[in-house]
Every structure is written in structure tokens, then in C-alpha cells.
Amino acid sequence: MKQAIEIKMESPFYCRPQETLKKELLQSHLLLNRRRRYQEPEMVAFQKYIYRHGHSLVSLPKEVYLPVENKVAIKTMPHFWKYILLEWLVQKELKTILTKQEIDNQIKRMIDKQQLVFFTMPLVTLNEQIDSLLPFIESLTTQGILEKITKKEWRIKAKPYYYLNEQEKIKDFSGTKTAMEN
């Protein structure tokens, strides 16, 4: 059985108590589940996408829920673009070296496919918009998915964990024990 998650955040944005961050993960998960009831077009598209890729809202890894700075510049639902980036990483072998250029190229492909949409900001360049996703890459480093080699290179260290059921995910996000473990 998977052990409770340990949130490791080192950048100033993520310097918050463990319990606060766990609450945010749980709230994000619960809000995402609530949104599915309203059948918003973006939510429906997200569900179809993850189902076509063999996953469900229950199985999404915790990295999809991590808070990211600069998210106000991104129009696409945060869970959606994070999931797509994670799936791109999962397709690569462990110990593969990723460069910033490769990550930028993947983000550009996502933009071309309308999988990632930014709000229109005339004074912000495409490169600045792409760079606004680097905090997510850094959060993958602090979570142990990536290992930073240089300022512009990362090594794939681990694959994200996809949950098996809702009970496991809630337990992991809340840090509580189930009745069977008490």
C-alpha cells in the first residue's frame, strides 16, 4: 500500500505548513469532483481526455493538484495542462535527461493543439508565458519526479503515482488512517 504523501516544497511560493498544503490538495480534488456534476464544456473535455488515456478523476496523481504560481495567466483548467505534461513525462524512460528546450517544445505543441491556452496579454511574450510554467517543473523536482541537473536540465527520477481508488487518495491527501488501519 502506498504511504502517505510527503509534500516537499522548497521555493518561497511553497513555503507553507504541511497541513495547509495537504488541505489544498484535498480541496482541489473535491472541487474537481464537484465540477464534473455541472458538465462544463472544459470539464467534459478533460474527463474525455483522461478516460481515453486510461485514467479517471480518481486515479489522477497528486502532482496534478499541486498549486502553481502564475496560474492566473493560464486560461486552461490547471488539472488539464498538468496532466498532459505529466503524461508526456511518463512516456519517457527513467533517467532520461530533459532540457528546457524540450519542455518548451512540448508546451508549444500543447498550445498548437489548444491543450494549453493563455489569457491574451499583449505585453507578455510567448516565451514569458511558457516560462510561467517553470514553477510546475520545479514542483516536480521537489516532489522527486525530476532531479535538477543544471538550470536548464532535469533528469526523470520517478514516475507519478496513479491512485487505485478514492479511499486511498483521500487518505493520502488528508493524512488520516482508514478504519481498517486503526
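This is a predicted model: local features need pLDDT of at least 70, side-chain atom pairs count only at pLDDT 80 or more; totals for chains, interfaces and linings use all residues.
Residues are numbered from 1 along each chain as its sequence is written, and side-chain values use heavy atoms, with hydrogens and water left out.

Me: Why is the pair of Y49 and F80 called tilted?
Reply: The ring centres of Y49 and F80 are 5.5 Å apart and the planes stand at 55°, so the pair is tilted. Planes under 30 degrees apart count as stacked, over 60 as edge-to-face and the rest as tilted.

Me: What makes Y49 and F80 a tie between parts of the chain?
Reply: Y49 lies in helix 2 (residues 41–52) and F80 in helix 3, so the pair ties together parts that are 31 residues apart in sequence. Helices here are DSSP runs (H or I, at least four residues), numbered from the N terminus.

Me: Why is the pair of Y49 and Y83 called edge-to-face?
Reply: The planes of Y49 and Y83 are at 90° and the ring centres 6.0 Å apart, so the pair is edge-to-face. This pair also links helix 2 to helix 3, across 34 residues in sequence. F46, Y49, F80 and Y83 form one aromatic cluster.

Me: How do you know that Y49 and Y83 are buried?
Reply: Buried means under 20% relative accessible area, exposed over 50%, and partly exposed in between (1.4 Å probe, protein chains only). Y49 has 14% relative accessibility and therefore counts as buried; Y83, at 0%, counts as buried too.

Me: How do you know what span to expect for helix 3 (residues 78–90)?
Reply: The expected span is 1.5 Å times one less than the number of residues. Helix 3 has 13 residues and reaches 18 Å from its first C-alpha to its last, close to the 18 Å expected.

Me: Why is W88 called buried?
Reply: W88 is placed in helix 3, and its relative accessible area is 10%, so W88 is buried.

Me: What does W88 touch, leaving out residues up to four places away in sequence?
Reply: W88 touches L98, E102, I103, Q106 and R109, where contact means heavy atoms within 4.5 Å. The C-alpha atoms of W88 and Q106 are separated by 8.1 Å, and these residues are 18 residues apart along the chain.

Definitions and conventions: Helices (H or I, at least four residues) and strands (E, at least two) are DSSP runs, numbered from the N terminus. Rings of Phe, Tyr and Trp (its six-membered ring) pair if their centres lie within 6.5 Å; planes under 30 degrees apart count as stacked, over 60 as edge-to-face and the rest as tilted.
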